[in-house]
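Morning, everyone. Please have the sequence and the model open side by side. I'll go through some local details, one at a time.

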Amino acid sequence: MPNDKFGFTFDSQILFTMIDSDKKIIIAIDGYSSSGKSTLAKEIAKLLNYKYIDSGAMYRAVTLFALRNKLIDEKTHIINEEKLNQLIDDIHINFKYNSELKRQETYLNGENVENEIREMNVSNNVSFISKIAFVRKKMVRFQQEFGNEKGIVMDGRDIGTVVFPNAELKIFMNANAEVRAERRFQELKEKNIDVSYQEILENVKNRDYIDETRDESPLLKASDSVELDNSKMDRQEQLEWIIGLIKSKIN
């Protein structure tokens with residue numbers, strides 16, 4: 001079975017024998033930043049042959065657009081919302097699979113920005129962009145279009161509460177801030193991005209506060225979601241846990 005530092009060890013054929021592959025559902029994964037939502041969602045999508053939609057990458061792409069167009073004061077985080085609203089329809093986001101790197105990559109207006117949207121200047125501003133009502137409404141429209149035919153996995157902070165409130169399976173992921181910061185630190189080190197653990201920990205805590213307290217679509221656990229605290233779980237254990245939930249929803 002395949003095994004890598006940031007992936008899972010699991011025989012996909014086992015999963016296919018466990019589920020009804022003709023029945024498609026929507027799987028919504030919400031939770032805190034760096035809780036492993038995207039890693040888990042990508043692997044589930046791959047095993048089920050579902051589409052994976054990275055909602056966080058969409059907000060990061062908007063943030064990068066705003067930074068490039070000097071619509072954010074990086075010291076105060078004040079955003080020129082009037083100008084951004086005028087330009088919002090000029091923002092086009094899609095995803096393409098890179099077969100060489102074996103990963104999905106984010107494109108902003110036709111440009112591959114996958115690496116750039118993961119840098120700290122974007123991380124430090126994305127929560128301020130994502131709390132703007134007209135930005136969220138625009139992204140939600142995009143996201144709901146992806147779900148018209150079902151068979152998707154989407155992760156974010158308001159997927160089960162706002163984007164797909166009728167999703168057949170909702171999961172809410174969490175882990176303590178220190179664990180999440182360490183995961184993020186190791187991820188950035190792998191990409192040769194120079195940043196300190198303390199800087200990341202501060203970013204994680206700030207994002208938690210902003211996500212929980214914003215007026216527009218705050219981070220909430222849907223009443224019908226299943227909570228997964230993975231502070232002490234490895235990725236293999238998480239995957240096996242969620243496979244049981246998927247089987248109960250599909251079969």
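Start with threonine 63. At 0% relative accessibility, it counts as buried. Buried means under 20% relative accessible area, exposed means over 50%, and partly exposed is in between, with a 1.4 Å probe and protein chains only. Before going on, a word on the source: this is a predicted model, where local features need pLDDT of at least 70 and side-chain atom pairs count only at pLDDT 80 or more, while totals for chains, interfaces and linings use all residues. Residues are numbered from 1 along each chain as its sequence is written, and side-chain values use heavy atoms, with hydrogens and water left out.

Back to threonine 63. It is found in helix H3, residues 55-68. Helices (H or I, at least four residues) and strands (E, at least two) are DSSP runs, numbered from the N terminus. What is threonine 63 in contact with, leaving aside its neighbours within four places in sequence? Ile72, Val122, Asn125, Val126 and Ile129. Contact means heavy atoms within 4.5 Å.

Next, the aromatic rings. A pair of aromatic rings is described by the distance of the centres and the angle of the planes. Rings of Phe, Tyr and Trp (its six-membered ring) pair if their centres lie within 6.5 Å; planes under 30 degrees apart count as stacked, over 60 as edge-to-face and the rest as tilted. How many aromatic pairs does a search of the whole structure find? It finds 3. One of them joins tyrosine 32 and phenylalanine 172: centres 6.0 Å apart, planes at 85°, so edge-to-face. Tyrosine 32 lies in the loop between strand S1 (26-31) and helix H2 (37-48). Phenylalanine 172 is in strand S7, residues 169-174, so the pair ties together parts that are 140 residues apart in sequence. Both residues are buried.

Another pair is phenylalanine 95 with phenylalanine 146. Their centres are 6.5 Å apart and their planes at 55°, so this pair is tilted. Phenylalanine 95 sits in strand S3 (93-98) and phenylalanine 146 in helix H7 (133-146), 51 residues apart. Phenylalanine 95 is buried, at 18% relative accessible area. Phenylalanine 146, at 28%, counts as partly exposed.

Now helix packing. Two packed helices are described by the angle between their axes and the distance between the axes. Axes are lines fitted to C-alpha atoms, for helices over the stretch in contact, and angles run from 0 to 180 degrees between N-to-C directions. H2 and helix H11 (235-250) pack at about 55°, with axes 11 Å apart. That makes H2 oblique to H11. On the cut-offs: under 35 degrees is roughly parallel, over 145 roughly antiparallel, 65 to 115 roughly perpendicular, and the rest oblique. Among the contact residues are Leu40 and Ile44 of H2, and Leu239 and Ile242 of H11.

Helices H9 (177-190) and H10 (197-213) have axes that come within 9 Å and cross at roughly 125°. H9 and H10 are therefore oblique to each other. Residues that meet there include Phe185 and Leu188 in H9, and Leu201 and Val204 in H10.

Last, two backbone angles. Phi of asparagine 49 is near 60°, a positive value in a residue other than glycine. Asparagine 49 is in the loop between H2 and strand S2 (51-54). At 64% relative accessibility, asparagine 49 counts as exposed. Lysine 150 also has a positive phi, about 60°, and is not a glycine. Its place is the loop between H7 and strand S6 (152-156). At 37%, lysine 150 counts as partly exposed.
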